[in-house]
Amino acid sequence: MFWADRIAKEIQETKAAKEATAEKPLIIRDEKTLSGRVHIGSMRGVAIHGLESELLASYGIPNTYFYELNDFDDFDTVPGYLDQEKFKEHLGKPLHKVPSPEAGFDNYAEYFGAEFIAVHQKAGFTPVYYRTHKDLYAAGKMDECIRLALTKAADVRRIYKEVSGSVKAEGWLPVTVICESCGKIRTTSTSDFDGETVAYACNQNPDDTRSCGHTGRIAPWKGNAKLHWKVDWAAKWVAMQVKVEGGGKDHSTKGGSRDVANHIAREIFNYEPPFDIPYEFFLVGGKKMSSSKGRGSSAHDMSELFPPALFRFLLVSKEYGQQIDVDPEGDSVPRLYDAYDDCAEKVRQGIADDFTRMFELSQLPENQADAGAPWQMRFSQVAFIVQMPHLVLATEAAAVKGAPLTEEELTLLEERARYAKFWLGAYAPERYKYELQNTLPEGFEFTDAQKKAISLLRAFVEAGTHTGDEFHARLHELKSEVPIEPKELFTAIYRLFLNRDSGPKAGWFLSVLPQDFLLARLSEVQ
Ligand SMILES: [Zn+2]
């Protein structure tokens, strides 16, 4: 069974799912703090929760998928791609109080949120969005939990110590408040909850953030205060009545933040924690890097590399416990297209297994009902053809397919060509970039065996035009006929035409070169 169905069936068996009704649907939740350009890693949560929501709905379980755009965490670092001087003064403020880097957005969080939401939409995920400040804290929805956490602060401190080993000072409270003088939230420390207000001092100076020294008392309700994040996490489950919420596996270790939040939910808020899906990382080029570094590591950059179905395939095809790793500057882009095409091939052959289900669920929801699996030319072939000015893509694709392309196949081909050109221009390694050579490569000496092979190949070309398969078969014969080692043979061909040691599949490659050009080049080797 496909992993997402297996999880959905487990959720279906929970008490919460069985009790869900149209009026009180099962609540699924995920969130992201909008502290800058969002890393592709955060799309894993978007996709896993989104897919489970879709599957549960298809099983008849009424559910709502909420996505929290966290605009209430503090602005703790100015990302490298922003003007340091301009944004430094805002360090320590809640994100919704930091100005947008560009005009047209209410604040910093909305600006980065809009870019991230567009990526969700491309992959076909459409959660119900809400904002941490406006919809939770300022709306008073967290007040009940804030009161409980403050009243039972000693128990919160005990749980931190027992579960994670983190020791909080006597009198420490699980809230920070917004300084009434400077508007920062990262700089305050709180003490002495009297039932309605807490005392605070603006006296913390983490990293480059500066406090103003103000002291006072404030009622921690309606957005004046924010819970410390592990308590905040548990409180959100209560406020939103969350029943399903996964998290990155880095949070899910024993004694980790999820463990602490689970204890707080049960012991402080008397709430059963949601069904967990501890998922693996999404790496970029083997690294779990921040989105401020590394080209291609943001959700937006990664989404530009793939059409919607391919992008969704990237996000949902791997089981949640397996790492995803994509290097836009390596082979993983062509490899992902190949994996998708292999899946499509299995669908066309009528093989009903996980791959068929994977392919179906990789289509945008509105296309799943009649998801065929049209034939597509391999990405590496498309990427080669678009670099050859003498070739017409649709003609070559029909030759590879062995039949004319349908209208749908032609549309997909044009789409793939656009993505291939983008990848070649923005990320592709040199070995995918080809230029046909009009002269013999300088300094390259052909061996006697290579010369003999080329001479026999020339005779074959002189006899008429050939398909890729016919060229492939002839090259195979040449290995024993000359005789010549395969590597030596292929090096000669790629050197002669492309001045490099490797290239596209040799038989197919020779079949797409113009006859005159082939003969001219082959004749030059004597
Ligand atoms: Zn202050």
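**Close-up views of a predicted model**

**View A. Thr 188 faces Cys 202, which sits in strand 6.** Before you zoom in further, note that this is a predicted model: local features need pLDDT of at least 70, side-chain atom pairs count only at pLDDT 80 or more, and totals for chains, interfaces and linings use all residues. Numbering starts from 1 along each chain as its sequence is written, and side-chain values use heavy atoms, with hydrogens and water left out.

View B. Strand 2 (residues 63–70) runs parallel to strand 3 and is joined to it by 4 bridges. Look for Tyr 67, whose bridge partner in strand 3 is Tyr 129. (Angles run from 0 to 180 degrees between N-to-C directions, with axes fitted to C-alpha atoms, for helices over the stretch in contact.)

**View C. Helix 1 (residues 3–12) crosses helix 3 at roughly 65°, with axes coming within 9 Å.** Helix 1 brings Trp 3, Ala 4, Asp 5, Ile 7, Ala 8, Ile 11 and Gln 12 to the contact (heavy atoms within 4.5 Å), while helix 3 answers with Ile 48, Leu 51, Glu 52, Leu 55 and Leu 56. Sort these residues by class and you get 9 nonpolar, 1 polar and 2 charged. (Nonpolar means Ala, Val, Leu, Ile, Met, Phe, Trp, Tyr, Cys and Pro; charged means Asp, Glu, Lys and Arg; the others, Gly among them, are polar.)

**View D. The second largest pocket holds about 1300 Å³ of space.** Of its 50 lining residues, Asp 341, Gln 376, Met 377, Arg 378 and Gln 381 are the closest to its centre. Several helices give two or more residues to the lining, including helix 12 (308–316), helix 15 (379–385) and helix 17 (407–426). Helix 13 gives the most, with 6 residues. By class, the lining splits into 22 nonpolar, 14 polar and 14 charged residues.

**View E. About 30 Å³ of space makes up the largest cavity.** The structure has 1 cavity of 30 Å³ or more. Around the largest cavity you'll see Trp 375, Gln 376, Met 377, Glu 409, Leu 412, Leu 413 and Arg 416. That lining has 4 nonpolar, 1 polar and 2 charged residues. (On a 1 Å grid over the protein atoms alone, a 1.4 Å probe fits in a cavity but cannot get out, while a pocket is open, with protein on both sides within 12 Å along at least five of seven lines; lining residues have an atom within 4 Å of a point. Points join across faces, edges and corners, and volume is the space filled by probe spheres set on them.)

Key:
Two strands pair if DSSP finds at least two bridges between them.
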